[in-house]
Amino acid sequence: MADSSATSTAASAPGRRLRWSRGEGDLSALEDRRREVRRFAHLFGELPVETKATCPVCRRVVRSVFDRAGDRIVLTYDCDGCGERREVHHDHIWTSVESDRPGSAKQTFLGYRIRPVLRRLPRTVETLCPECCALVVGRIFVEDGAVLMEKSCPEHGHFRDCLNSDALLYSKALWWTFEEHPGHRRPQVTDGKVCPSDCGLCNQHLSSPCLAQIDLTNRCNLRCPVCFANAAATGKVLEPDYNEIVRQLKVLRGFRPTPATAVQFTGGEPTLHPDFLRILSASRDMGFSHIQAATNGVRLADETFAHEAAEAGLHTLYLQFDGVGEQPHRYTRAFPGLWEKKLATIENCRRTGMKICLVPTIIRGVNDHHVGEIFRFAADNVDVISAISYQPVAFTGRIDEQQRTAQRYTLGDLAHDLAAVSGASPLRDMFPLSIVAPLGQFLEALTGRPKIRPSCHPDCAFGTYFLVSPDGRAYSFPEVVDVEGMFSEMNALAARIKRRGRLTRLDKFRALRMFRRHFKTDSAPPDLDVKRFVRTLQGLVDKHAGRGEGEKHTYKTLLCAGMHFQDRYNFDVERVKRCVILYSTPAGVFPFCTHNCGPEYRAATEAAFAVPLKPDEIKSEETKS
């Protein structure tokens, strides 16, 4: 079992400087994994395709066949008890479907056909075998009000898992994506054909990064039971030197048509890198407007170090945070006194002007009851905490089905748990992250500068923004503004400005009218007007508008959302193609859910570039454990 959070690893004292040579990397393990992923791809290139599926009548797993019936794809169940039954499935694996969104790209910049988001169930899905990681065909369907995925591997048989406990919320999310994007002009792999085996980044990828990531080190001074990467576990250290990190940063800034503007340093614990402060400064000088660190806060609990990091250019901490108080950290982190470190780190951010996104890894039956306490804690400290990224646990490696079912926590579960503590309505107030993509496009059209645009798959993230009044009351955005109407109109206005190539006075009038039309004066906080709300929206994606002097003109906001990183049980290839969290590594650029989960290319990269721990270091790591 592994943490789905990029902050699942943590901090100790800086390690030895390692000699670094990219030329020494042996990528054979990476190529082996790629071959494993695509070894069954030829079996479902043409219909019919045999599989196993759950009979919709008796619920037994039976032999089934995908085949074509006219222009539709049909799954035929061959059930001994119920007889033969057929069910139409929405599909874009074997059929050519175009996006229902006007203005959507039909191909990537290098000519790969874009498969649009399918908004109805049941549907076919390209996924992975949990045992061998091979690409297989499966389906997503509704059963007893929940959304499930099932698939069959030719070698390892049938698997099924819950994608979302609330089919209605899942269905709502599917409808809130906008245009498909054509990807990258300069992918590192230009002839990729089988996703996710051709990562690097390849010509099939559709989205620009909202947040690019670089692992600075896999060193760590915590031994978290739910961690997916640390030097103690692997027996090796992967710690690129300063020049290699700068090279990777240049790769991210070289993305076209949209350069990466936000970077997060991860690990292991990134603050352990001997050149951490120097790397922050280099990122700032290269034009990254948002510089973040995924950390457990142990080193940043030191006030001097926190001031040095802020001065070097660090803007935001993605702070590992599994609950309020010492108790919830005992199971997930096993580090005595960690809560006091968290509080010290939060106070240091308050002093230095840095912001915090709390990152709790949520496991059903372990700490899901802390969802509400974390929300209340963040609202009470909204001056320094700007977001909570709840991350339902992802399972890596083998896990018993009964344990997985008991501990699986979905975005539907999170929506209801958040509503219970905040007073929000799940169906009214919760949306996928992709609904705010028009905001980035609109500000980009207004300013001519690239803005973060979360064009991720609607299955990836789900939640809402809250406006927190001075008396501590949290108002969900849909209480204050017609979210659906505003973002739909904003998207159309941004497209009009982009087609024209310039901003007119009429566009400014239309924008102001748009905000006034959709703002709900009667239900908004008494000290919030349209002008301040617009500045607040701008501050969400523009650090200069939302911090420092600009913060005086905005309203306190708190993003509360879940990002459910995939594992092999619930893997969907179409999600990976739209990933907006991309890792830059010595071996290439990878989506989060291929690097850390799914194919787990992280392990192959470490095999190529990590160096063994020395005997004295092994002893030191064992002592920490």
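At what angle do the axes of helix α9 and helix α11 cross? Select residues 371–380 for α9 and 411–422 for α11: the axes cross at roughly 55° and come within 9 Å. That angle makes α9 oblique to α11. The crossing is right-handed. To see the contact, show the side chains of Val-371, Gly-372, Phe-375 and Arg-376 on α9, then Leu-414, Asp-417, Leu-418, Val-421 and Ser-422 on α11. Sorted by class, the contact of α9 with α11 has five nonpolar, two polar and two charged residues.

**The whole chain**

Zoom out before going on. The model is predicted. The protein has 625 residues, of which 62% count as buried. Its secondary structure comprises 22 helices and 23 strands. Among contacts with a separation of 6 or more, 70% are between residues 24 or more positions apart.

**Two further helix pairs**

Two packed helices are described by the angle between their axes and the distance between the axes.

Select residues 242–253, helix α4, together with residues 276–285, helix α5; their axes cross at roughly 30° and come within 11 Å. α4 is therefore roughly parallel to α5, the cut-off for that label being under 35 degrees. The crossing of α4 past α5 is right-handed. On the α4 side, display Tyr-242, Ile-245, Val-246 and Leu-249; they meet Arg-278, Ile-279, Ala-282 and Ser-283 of α5. Six residues of this contact are nonpolar, one is polar and one is charged.

Next, select α6 (residues 303–312) and α8 (residues 338–352), which pack at an angle of about 45° with axes 10 Å apart. At that angle α6 and α8 are oblique to each other, and their crossing is right-handed. Glu-303, Ala-306, His-307 and Ala-310 represent α6 here, and they meet Asn-348, Arg-351 and Thr-352 of α8. The contact of α6 with α8 divides into two nonpolar, three polar and two charged residues.

Return to α4 and follow the chain to β11 (262–267); Thr-258 is in the loop between them. Is Thr-258 buried or exposed? Thr-258 counts as buried because its relative accessibility is 9%, and the limit for buried is under 20%. Leaving aside residues up to four places away in sequence, Thr-258 touches Ser-208, Pro-450 and Arg-453. Draw a distance from the C-alpha atom of Thr-258 to that of Ile-452: the separation is 9.1 Å, for residues 194 apart along the chain.

Pro-257 is in this loop between α4 and β11 as well. The peptide bond from Arg-256 to Pro-257 is cis, with omega near 15°.

**Backbone details**

Most residues other than glycine have a negative phi, and most peptide bonds are trans. For another cis bond, select Gly-200 and Leu-201, where omega is about 5°. Leu-201 sits in the loop between α2 (167–174) and β9 (211–217).

Asp-144 lies between β6 (135–143) and β7 (146–153), in the loop, and is exposed, with a relative accessible area of 65%.

Move to Glu-600, in the loop between α20 (592–595) and α21 (601–609). Its phi is also positive, near 55°. Glu-600 is partly exposed, at a relative accessible area of 23%.

Helix α13, residues 437–447, is the next selection; Ala-437, Pro-438, Leu-439, Gly-440, Gln-441, Phe-442 and Leu-443 in this helix are buried. Just after α13 comes Gly-448, with a positive phi of about 80°.

Select Gly-103, in the loop between β4 (83–89) and β5 (123–128). Gly-103 is exposed, at a relative accessible area of 74%.

Finally, select Pro-56, in the loop between β1 (49–54) and β2 (61–69). Pro-56 has a relative accessible area of 44% and is partly exposed. The C-alpha atoms of Pro-56 and Arg-86 are separated by 9.9 Å, and the two residues are 30 apart along the chain.

Note on methods
Residues are numbered from 1 along each chain as its sequence is written. Side-chain values use heavy atoms; hydrogens and water are left out. Helices (H or I, at least four residues) and strands (E, at least two) are DSSP runs, numbered from the N terminus. Buried means under 20% relative accessible area, exposed over 50%, partly exposed in between (1.4 Å probe, protein chains only). Contact means heavy atoms within 4.5 Å. Axes are lines fitted to C-alpha atoms, for helices over the stretch in contact, and angles run from 0 to 180 degrees between N-to-C directions. Angles under 35 degrees count as roughly parallel, over 145 as roughly antiparallel, 65 to 115 as roughly perpendicular and the rest as oblique. A crossing is left-handed if the near helix is turned anticlockwise from the far one by less than a right angle, and right-handed if clockwise. Ala, Val, Leu, Ile, Met, Phe, Trp, Tyr, Cys and Pro count as nonpolar, Asp, Glu, Lys and Arg as charged, and the others, Gly among them, as polar.
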